[in-house]
Amino acid sequence: MSTLTTTPKGAARPKRGAPHHTRRVEPVYYLFLLPSLVLFTLAIPVPAIIGIFFSFTNSIGIGDWELVGLVNYVAAFSDPAIWQSYLFTFGFSLVTVLVVNVAAFLLAVGLTSRIRLKVSLRAVFVIPMVVSGIIIAYVFNFLFSNSLPAAGTSLGIPFLSTSLLANPDLAWVAIVAVTAWQAVPGALLIYIAGLLAIPGDVYEAAEIDGASRAQRLTRITLPLMAGYVVINVILGFKNFLNAYDIIVGLTNGGPGTSTRSVAMTIITGFNSGDYAYQMANATIFFVVAVLIAFLQLSVTRGRNTL
Amino acid sequence: MTTTLTTPPRSETSAPSGARGRARKPRERWNRPGTLVLVLCSVTVLLPLYVTLSMAFKSPAQAVDGNAFSLPAPLSVQGFVQAWQLTGFPVGLAMSLLVTAGTVAATILLAALASYAIMRNWERRMFRWSFFYLLGAMFIPFPVVALPQIQLTGRLGLDNPAGVVLLATMFQLSFSVLLFTAFLRSIPAELEESARIDGATTAQTFWRLVFPLLAPMSATVGIFAFLYAWNDFMMPSLIISDPALQTLPVRQQLFQTQFSNNYNVSFASYLMAMAPAIVAYLFTQRWVMQGVTQGAVKG
């Protein structure tokens, strides 16, 4: 490590007039940093590299294997099950992001306006954030398979009188609803912070100029909140792409495989003998995640002034 | 910037809304329809929690009658007794507490130490690169590396709660280092220099001066680590191979395969697994809301 400090670039620094840079790094700083670096490397990059390597083999997870080149990738790209899981995951994520942000924004506007019970209401709306996703999915599973059909039957609504979760075309609606139920608080807190940061005199000035309540919302609040919307959309989308717990609790990927997310598909490689194949899928998913991350960086760059 | 964002809610939550209303009455009118709409919306949050609570206290006969919204009559704790035994609640609770406490402590400690070393040696390439290296993991979600991690932890004897603590901490590290380094930038160097002049070593300066100053950010980092470790299903279910060592959320799977019609038992079990986090939140809600807002806006 000390070699770093004697490289030409390092040696050139003092000339630019920063004398303290010539000081040797105190060894204790390495002691502070190394545990994190070592454990982190072993826990994430090393498994990632191992996984990527095995995606080029025919390993079933144990025993002998040999290199097979791009066979797994070629197979993955022509596998309808994998295409379906990506289609489902992206579609579900887009819809959920939309639902969560519309709901959270409206709630935030309401919770920062002149209402009674403001503190208690805010506390209530944040509760879903502290509840375990799998457990609340089990609770909703009961409601969707028993209470909702019962209500649908007594109200005479045919499509609600059978369980939403057993319908391959509609099960995703239940998953969006429960995921949104849990994700709204996080977005809500960010929107409340944003709304409270808007100075009140902006609204007073608009009111004096005769702006209606709707005009104030669309002409002042929304433009000033654009940065917060971008952040919430990106954070949410990233989380929803990894959806697992709530889907396991609601449909476990069913009926059939109609609600199986990419994460769930990858995990099927654990016991099914598809280890190398699903590692190829995981590697593709990783590339997708990185692409989205770069998109995120390019969008949020310059918005650090939040 | 975070301070200006988080101060308003603090001042609002600390003052009872009634008192504030009286003070401002001449100028402001309460928005009654708005309040009503929000109260109605809050039903969507409270309804599933109410169902969990009422189902848990029902007798087995009432629990299967199909009405989820009725109040328990007669009140029965039989569900809790059975859930306690069926899920091995005491061991599950111990495992969940172990995983959560371990993840929270390890995340705060490792991230604070690493962030301090990085920020005080930012001009050194190794420390700067370490920062971006650790941050890079924000782009690697758990599903991507789950399969090799299951294999490795199995081979290293870490297919237990200790392995979950290690992995959960490492997945929290990127975000936590980001928060700590941002906060460290706002601590003036003069503070530390005066400690040094008094003869404190770097380690002493960190423990006695810097780490206490980091407390607000440690709370934020800790809250995120707590919520993740306490509630997560995916990682423990895949990493911990011995069912006897599973955490509480994973144990609830039992009611999907067996005992699936003993609703009073399953809901009593769900309630026991959810309650600690909800109760902890109700007592610390101001902190949690502040901490999460701070973390989200910074992150």
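User: In chain A of this predicted model, where is confidence lowest and where is it highest?

Analyst: Confidence is best read element by element. In chain A of this predicted model, helix α1 (residues 2–5) has the lowest confidence, with a mean of 38, whereas helix α13 (residues 245–250) has the highest, at 96. The pLDDT stays below 50 over residues 1–19 of chain A, a stretch that has 16 contacts in the model beyond near neighbours in sequence. For chain A overall, the mean pLDDT is 87, and 91% of the residues reach 70 or more.

User: How many residues of chain A are in contact with chain B?

Analyst: The size of an interface is often given as the accessible area lost when the parts come together. Here residue counts are used: 81 residues of chain A are in contact with 80 residues of chain B. Helix α8 (residues 133–155) of chain A supplies the largest share of the side of chain A that touches chain B, 12 residues. That side of chain A divides into 61 nonpolar, 15 polar and five charged residues.

User: Which secondary structure elements does chain B have?

Analyst: Chain B has 16 helices and zero strands. Of its 299 residues, 46% are buried. Among contacts in chain B between residues at least 6 apart in sequence, 78% join residues at least 24 apart.

User: Which residues of chain B does the UniProt annotation "domain: ABC transmembrane type-1" cover?

Analyst: An annotation comes from a record and can be set beside the model. The unreviewed UniProt entry places this domain at residues 93–284 of chain B. In the model that span is 79% helix and 0% strand, with its end C-alpha atoms 21 Å apart. The unreviewed entry also annotates "transmembrane region" in chain B, including residues 34–57 and 162–184. Residues 34–57 of chain B are 96% helix, with end C-alpha atoms 34 Å apart; residues 162–184 of chain B are 100% helix, with end C-alpha atoms 30 Å apart.

How values were computed: Residues are numbered from 1 along each chain as its sequence is written. Chains are lettered from A and ligands numbered from 1 in the order in which they are written. This is a predicted model: local features need pLDDT of at least 70, side-chain atom pairs count only at pLDDT 80 or more; totals for chains, interfaces and linings use all residues. Helices (H or I, at least four residues) and strands (E, at least two) are DSSP runs, numbered from the N terminus. A residue is buried if 20 or more other C-beta atoms lie within 10 Å of its own, exposed if 12 or fewer, and partly exposed in between; C-beta atoms are placed from the backbone. Two residues are in contact if their C-beta atoms, placed from the backbone, lie within 7 Å. UniProt positions are given in the numbering used here, feature names are shortened, and annotations may be inferred rather than shown by experiment. Ala, Val, Leu, Ile, Met, Phe, Trp, Tyr, Cys and Pro count as nonpolar, Asp, Glu, Lys and Arg as charged, and the others, Gly among them, as polar. pLDDT is the predictor's confidence in each residue, from 0 to 100.
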